[in-house]
Amino acid sequence: MVPGTGGRVTKYFANGEGEQMSIFDAAMKYAKTNNPLVILAGHEYGSGSSRDWAAKGTRLLGVKAVVAASFERIHRSNLVGMGVLPLQFAEGTTPQSLGLDGSEVFSITGLSDKIRPGQEVMLEIQSRDRESKSVSVKLRIDTPIEIDYYRHGGILPFVLRQLLSK
């Protein structure tokens with residue numbers, strides 16, 4: 001979103017201008033307005049990350065979903081364990097091919113109490129000029145136990161609820 005900068009810089013769009021700032025500062029501003037965040041990513045999202053801390057940091061920044069071209073296997077699992085929804089674009093679809101610039105508002109439809117591993121859901125995208133489009137994405141919660149983890153907000157809340165119910 002900010003060519004020529006490192007991975008710690010983004011644009012803050014709530015003011016309509018796309019002000020450049022650190023990812024942390026933008027996330028804190030969005031948190032003050034209870035604005036959930038979505039990460040748009042390319043191939044092998046999470047490769048080279050510091051494993052579970054990368055997913056913890058993502059959750060602590062207020063990210064609710066990551067939509068990627070593909071995921072590094074363990075990072076995808078760690079995202080689910082932290083209660084972050086991993087979604088995968090169809091082959092050949094990327095944020096660039098959709099013409100996204102980060103100013104869009106995203107909604108995810110098709111999630112219900114009956115979600116199943118690998119199902120298709122819709123990513124609804126509304127641009128700043130109020131144009132809308134829908135893109136089918138794959139839910140990358142891959143196993144039934146991961147569904148339980150996600151429903152509880154992550155593995156720790158799941159385990160705590162299990163202990164408290166005994």
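This is a predicted model: local features need pLDDT of at least 70, side-chain atom pairs count only at pLDDT 80 or more; totals for chains, interfaces and linings use all residues.
Let's start with the rings. A pair of aromatic rings is described by the distance of the centres and the angle of the planes. The count here comes to three aromatic pairs. One of them joins Y45 and F71: with planes at 90° and centres 6.1 Å apart, this pair is edge-to-face. Y45 sits in the loop between β3 (37-41) and α2 (52-60), while F71 sits in the loop between β4 (63-68) and α3 (73-81), so the pair ties together parts that are 26 residues apart in sequence. Y45 is buried because its relative accessible area, 19%, falls under the 20% cut-off. F71 is buried too, at 7%.

Y149 and F158 make up another edge-to-face pair, and both residues are buried. Here are these two pairs:

| Pair | Centre to centre | Angle between planes |
|---|---|---|
| Y45 and F71 | 6.1 Å | 90° |
| Y149 and F158 | 5.2 Å | 70° |

The charged end of K29 sits over the ring of Y12, 5.0 Å from the ring's centre.

Now for the cores. The largest nonpolar core has 20 residues, and L87, F89, L123, I125 and V137 have the most contacts inside it. Two or more residues each come from β4, β5 (85-89), β7 (120-126), β8 (132-139) and α4 (144-151). Take F89: leaving aside neighbours within four places in sequence, its contacts include L40, V67, P95, L98, L123 and V137. Apart from this core lies another one of 16 residues, and F71 is among them, along with L37, V63 and A68.

How values were computed
Residues are numbered from 1 along each chain as its sequence is written. Side-chain values use heavy atoms; hydrogens and water are left out. Rings of Phe, Tyr and Trp (its six-membered ring) pair if their centres lie within 6.5 Å; planes under 30 degrees apart count as stacked, over 60 as edge-to-face and the rest as tilted. Helices (H or I, at least four residues) and strands (E, at least two) are DSSP runs, numbered from the N terminus. Buried means under 20% relative accessible area, exposed over 50%, partly exposed in between (1.4 Å probe, protein chains only). A charge sits over a ring if NZ of Lys or CZ of Arg is within 6 Å of the ring centre and within 35 degrees of the ring normal. A nonpolar core is a set of buried Ala, Val, Leu, Ile, Met, Phe, Trp, Tyr and Cys residues joined through side-chain atoms within 4.5 Å. Contact means heavy atoms within 4.5 Å.
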